[in-house]
Amino acid sequence: MSTASVSHTTAPTVTTPAIKFSTVKADGIDIRCLEAGSGKPLVYLHGSSGLRLSATHRALASNHRLIALELPGFGKTAAKTAHGTARGIATTMAAALHAMGVEECDLMGHSLGANVALWLAIDHPTLARSLILVAPTAIRPEDSGIGGARPFVVTAHKPEHLWIDESSATSNPSMRELSQKLSGPQRDAELEKAMAGIAIPVLALFGTRCMVVSTDAAREYNRGIPKCFTTMVYDAGHEIDLDRPDAVTSVVGNFLEHGETFIVNRDSAMINP
Amino acid sequence: MKASLFCTTRYEGQSKKGVWPVPADSYDAEIAQKSYQRTLSQIRLGDDVGFDYVTVAEHHFAPFSMSPNPLIFAGALTQVVKKAKIALLGPDLPILNPIRVAEEIAMLDNLSGGRVIAGLMRGSPNEYVTYNINPGESRERFQEGVELIKKAWTEPQPFGWQGRYYDYRTVSIWPRPVQKPHPQIFISVATPESGEFAARLRLSAGFAFTTLQIASKAAAYYREQANAYGWTPQPEDVIYRLSFHVAPTDEQAMEELVSSGMQTSVGLSMTNKALESAVAGSGYYGRDIETQRARLQSRGQIEERIHNGQLLAGSPETVLKQITRIRDTIGAGMLDLSLGIATMGAITNRSIEMFGTDVLPRMHEL
């Protein structure tokens with residue numbers, strides 16, 4: 001009697017990376033830090049909503065060591081009165097990463113966090129291997145085209161798109177005040193001049209339904225940064241990765257793996273092998 | 001009011017009736033070439049007698065309209081038509097590559113010296129079978145495609161696009177449209193969803209394969225939505241498509257229409273009823289499915305079509321009254337006029353000429 005071997009095809013198991021919280025002392029502040037995954041360090045700086053991570057971060061943590069730092073004045077990380085600008089916070093973030101032993105990383109920031117990441121890349125050019133700006137607000141063109149009698153409906157993200165929420169309550173007035181202060185002017189001549197010196201590849205994402213910064217801003221980053229690749233994420237609001245995590249994971253994942261040649265499609269289009 | 005002449009490039013030879021797709025067993029290359037030349041001569045005539053626009057449209061797999069790529073035909077027209085503008089009404093966006101469409105329309109705008117208007121269409125139900133696209137995804141593909149095309153026309157720096165249906169790593173089209181910021185965009189606003197979308201993006205409105213009664217409700221909804229978004233569509237923002245046939249008298253016009261076979265013609269979408277039903281089941285029609293299916297099925301007798309605003313027919317005086325009624329009912333600033341009789345040589349040409357010389361000058365004053 002023959003013994004037939006039966007092979008079973010099982011669906012791949014999705015494992016959520018384990019999360020570790022810690023603090024790192026930098027510039028006299030205890031900076032709260034969240035880590036997940038292993039591999040090349042990917043440092044993430046949150047936006048004005050506070051430390052929130054999406055399904056995108058969970059996916060990226062499957063093959064990166066994700067390090068999310070809480071900005072001073074947000075969540076459980078104390079503010080530093082000397083910090084009046086995104087550039088100032090960038091100095092503290094650099095000190096925190098140095099204290100953690102991270103001397104080189106891929107750097108990603110959202111909104112205000114993207115502005116901090118920009119200054120980090122400018123003032124510490126050996127730290128970042130690549131830079132990912134998700135809805136940066138550092139440049140806000142005057143005639144952005146946003147508005148009208150009836151505003152766009154902000155796309156509400158699905159609950160499963162949010163992975164971790166360590167932000168304080170959004171009604172925290174001091175956080176809003178801090179965000180406004182750190183946003184800086186609509187056009188920052190010093191920043192835009194310094195952007196020209198960024199030698200690493202930069203990916204900048206803009207949501208087509210963003211109510212905070214228009215997609216028109218994208219062209220300024222293209223013009224100002226030598227190796228900048230801007231991408232419009234369709235139907236996403238300001239929290240791009242929360243609204244369209246699959247889209248963001250796809251383009252960011254490709255960019256992290258291939259750098260500036262991510263524009264070459266390596267996916268098979270074969271339908272029926 | 002303005003008028004566009006729409007000649008459908010109908011194949012003049014024999015072909016199987018009542019089916020779609022139509023087999024090409026009986027296809028004759030010489031007849032097909034003559035059909036194209038006939039269409040070009042009709043369009044030249046329309047240009048000569050003063051039509052404001054000439055129209056091209058997209059249909060597949062049928063001799064009714066040998067124009068699977070209207071933008072190719074429009075390319076020929078940029079060198080043929082001297083005064084009239086070219087109405088691209090238009091590429092069926094959900095079954096096409098939006099970046100390619102953006103590039104082609106930009107080329108046409110350059111070749112024509114800035115004389116195109118860009119109708120971006122969803123296409124009739126059967127067209128989805130052509131390139132194997134799911135009609136249930138039609139609306140989402142369409143809306144994303146429109147936004148992508150607008151971006152491709154206006155964004156001065158290279159950009160990527162992470163959509164739901166379209167993924168481009170970098171886009172930077174050359175040439176750019178001549179007209180700034182881009183050619184006027186028309187979309188069909190037959191459905192409530194389309195009316196909302198057109199209002200949000202400030203797009204102009206088109207009506208086709210419909211009745212005046214159905215279109216007037218859709219037009220009102222479109223205007224109401226536009227007001228909610230802070231703008232007011234003007235007459236030049238509304239195009240209404242119907243057929244026309246002009247003769248010296250009403251009686252002669254009717255006789256000629258009857259003998260042409262219009263009485264018995266069936267619309268392209270309804271030729272294959274099983275296919276249409278399957279498409280209807282996919283969600284293609286949107287939330288107002290009964291109305292949308294009804295408007296595609298409504299092809300009654302000639303008098304009924306006139307009453308429903310689907311056909312202008314009669315003497316110049318009669319036709320002008322019919323036009324005025326359409327203007328008053330839905331506020332259209334342009335009529336897109338397809339030939340009521342496309343392939344009857346002198347009779348067809350007389351209708352075109354008579355419309356241009358006896359109707360158009362007074363239509364321009366409306």
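## Basis

Residue numbers start from 1 along each chain as its sequence is written, and chains are lettered from A, with ligands numbered from 1, in the order in which they are written. Because the model is predicted, local features need pLDDT of at least 70 and side-chain atom pairs count only at pLDDT 80 or more, while totals for chains, interfaces and linings use all residues.

## Overall form of chain B

Chain B has 13 helices and eleven strands; these are DSSP runs numbered from the N terminus, helices being H or I of at least four residues and strands E of at least two. Its radius of gyration is 20 Å, close to the 21 Å that the globule rule gives for 366 residues, so chain B is as compact as a globular protein of that length. The radius is taken over C-alpha atoms, and the rule is 2.2 Å times the number of residues to the power 0.38. Along the principal axes, the C-alpha atoms of chain B fill a box of roughly 60 × 50 × 40 Å.

Of the 366 residues of chain B, 49% are buried. A residue is buried if 20 or more other C-beta atoms, placed from the backbone, lie within 10 Å of its own. Among contacts in chain B with a separation of 6 or more, 75% join residues 24 or more positions apart; a contact requires C-beta atoms, placed from the backbone, within 7 Å.

Helix α13 of chain B covers residues 345-363. This helix bends by about 35 degrees at B:G356, the bend being the angle between axes fitted to the seven residues ending there and the seven starting there. B:G356 is itself buried, as are B:T348, B:F355 and B:L360, among others in α13(B). The buried residues of α13(B) pack against β1 (2-6), α1 (29-48), β9 (238-246), α12 (316-330) and β11 (334-339) of chain B.

## Contact with chain A

In the interface, 18 residues of chain B are in contact with 21 residues of chain A. On the chain B side, α5 (138-154), β5 (159-162) and β6 (167-171) each give two or more residues. The largest share, four residues, comes from β5(B).

Strand β10 (residues 228-233) of chain A and β5(B) pair in the parallel sense over three bridges, where pairing requires at least two DSSP bridges. B:W161 in β5(B) is the bridge partner of A:M232.

Note on methods:
Two residues are in contact if their C-beta atoms, placed from the backbone, lie within 7 Å. The expected span of a helix is 1.5 Å times one less than its number of residues. A residue is buried if 20 or more other C-beta atoms lie within 10 Å of its own, exposed if 12 or fewer, and partly exposed in between; C-beta atoms are placed from the backbone.
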